[in-house]
Amino acid sequence: MKRLALLSVLALVPAGAAFADGCPPATCGMTSAAEPGSRIVVIRPHGQRGPALGYDVVARRWRFSLPSGVVSANGATFVSTRHRQGRATTEVVRYDARAGRVRSRWSLGGRWAVGAVSPDGTGLALFDYRGHRTILRVGNPFSAQRLVLRGNYEVEALSPNGRRVFLVHWGRNGYDLQNLDLVTRKLAATRLAEPDEKMEGTALAGVATRDGRWLHTLYVKADGEGFVHALDLVRGIAHCIDLPVRGDLASYGATALALSPDERKLYLASPVLGRVTTVDLERLRVSRVTELAPLRRYTFGTGLGAAVNANGRMLAFTLGSRLWLYDAAYGAVRRSVVAPYWIAGLGFVPDGKRVVAVGAGGAAAFFDAATGKRVRGRAGG
């Protein structure tokens with residue numbers, strides 16, 4: 001089945017689930033991400049399309065603050081849109097996502113929103129709702145194609161070759177995933193690798209490979225089953241990877257996603273489910289599930305993040321004020337520690353030997369990546 005139905009949030013939270021309040025960080029709470037080997041932790045205090053704050057774990061200070069927007073798959077470009085009050089005009093700003101500097105800005109007539117940025121940051125997909133139509137501007141900002149679609153569409157991603165734009169088509173009973181061929185201008189349902197497989201659920205969080213070839217999205221079904229929707233953005237084919245863990249929207253919503261440095265593995269760290277699930281992205285199947293003591297009481301929106309060090313050996317993940325250290329080589333959780341504040345962001349110093357937990361106010365606590373012992377922070381890699 002090609003359609004991914006929108007499910008009721010309330011229907012997904014059964015009686016007896018772990019206690020939680022607020023909303024999933026991936027949707028509207030606080031998340032963080034850090035590229036392996038980078039000194040910058042990017043914190044999204046209002047979800048994956050909200051503002052972005054950059055914290056330097058070596059200098060131990062904030063580097064930049066950006067408005068709501070979308071980052072490119074390679075992590076180098078951040079694009080935001082701003083509507084001018086009282087005028088049907090949109091200012092589009094392109095930033096250096098690693099330094100927070102403005103690269104370019106321009107204005108467009110209409111009230112546009114940024115839906116996706118090409119992997120190399122040169123192309124954009126903007127959309128604007130006008131009545132029962134969706135207007136798209138896709139491509140280079142100064143020579144973009146303009147397309148008109150009947151109905152309510154939201155941009156999901158751009159293919160790395162610039163050939164396709166992937167869309168979420170919203171209807172009365174949910175949504176379905178479609179892609180638009182920019183050469184033929186034909187709209188079609190996104191194909192499934194196994195056409196007879198039924199894929200229904202609520203999308204929670206996603207992560208793209210740096211070259212923009214793949215977009216991996218975590219879904220949860222109404223019956224509590226989870227799966228990863230692995231979308232090949234070049235071929236336009238989606239693969240379903242079933243997860244051997246049953247949960248609900250509350251527990252799956254507190255799952256942090258991270259790719260290994262070579263992007264051959266996807267880690268799903270679920271403190272509430274009590275699992276770290278490893279997906280083999282070459283074979284497109286689960287290769288390992290590691291259990292940990294599940295977190296029974298937690299608050300959505302208080303900080304969810306995961307980071308992998310440069311050599312891929314250690315995975316760190318957090319929820320609230322708790323930090324876990326996972327040894328990816330042995331598939332074992334080495335340590336669980338508690339920071340002295342709610343953790344807003346998480347990253348490793350460039351040499352990978354220490355993990356840094358950043359608080360919303362800019363405080364930073366350093367931990368030995370191998371032992372979990374708190375250590376004194378110092379400058380350098």
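## Pairing of β23 and β24

In this predicted model, β23 pairs with strand β24 (residues 265-270) in the antiparallel sense, and the pairing extends over four bridges. Within this pair, Ala 256 stands opposite Ala 269 in β24.

## The sheet β23-β24-β25-β26

The two strands belong to an open sheet of four strands, ordered β23-β24-β25-β26, in which the pairing is antiparallel. The edges are formed by β23 (256-259) and β26; each has a single partner strand, so one side of each is left without a neighbour in the sheet. On average, neighbouring strands of this sheet are turned by 20° against each other, with direction ignored.

In general, the strands of a sheet pair through backbone hydrogen bonds, in either a parallel or an antiparallel arrangement.

## Positive phi at Leu 284

Most residues other than glycine have a negative phi. Leu 284 is not a glycine, yet its phi is positive, near 55°. Leu 284 is located in the loop between β25 (275-280) and β26 (285-291).

## Positive phi at Arg 185

A positive phi, about 60°, is also found at Arg 185, again a residue that is not a glycine. Arg 185 is placed in the loop that runs between β16 (174-181) and β17 (186-189).

With a relative accessible area of 47%, Arg 185 is partly exposed, because the exposed class requires a value over 50% and the buried class a value under 20%.

Terms used. Residues are numbered from 1 along each chain as its sequence is written. This is a predicted model: local features need pLDDT of at least 70, side-chain atom pairs count only at pLDDT 80 or more; totals for chains, interfaces and linings use all residues. Side-chain values use heavy atoms; hydrogens and water are left out. Buried means under 20% relative accessible area, exposed over 50%, partly exposed in between (1.4 Å probe, protein chains only). Two strands pair if DSSP finds at least two bridges between them. Axes are lines fitted to C-alpha atoms, for helices over the stretch in contact, and angles run from 0 to 180 degrees between N-to-C directions.
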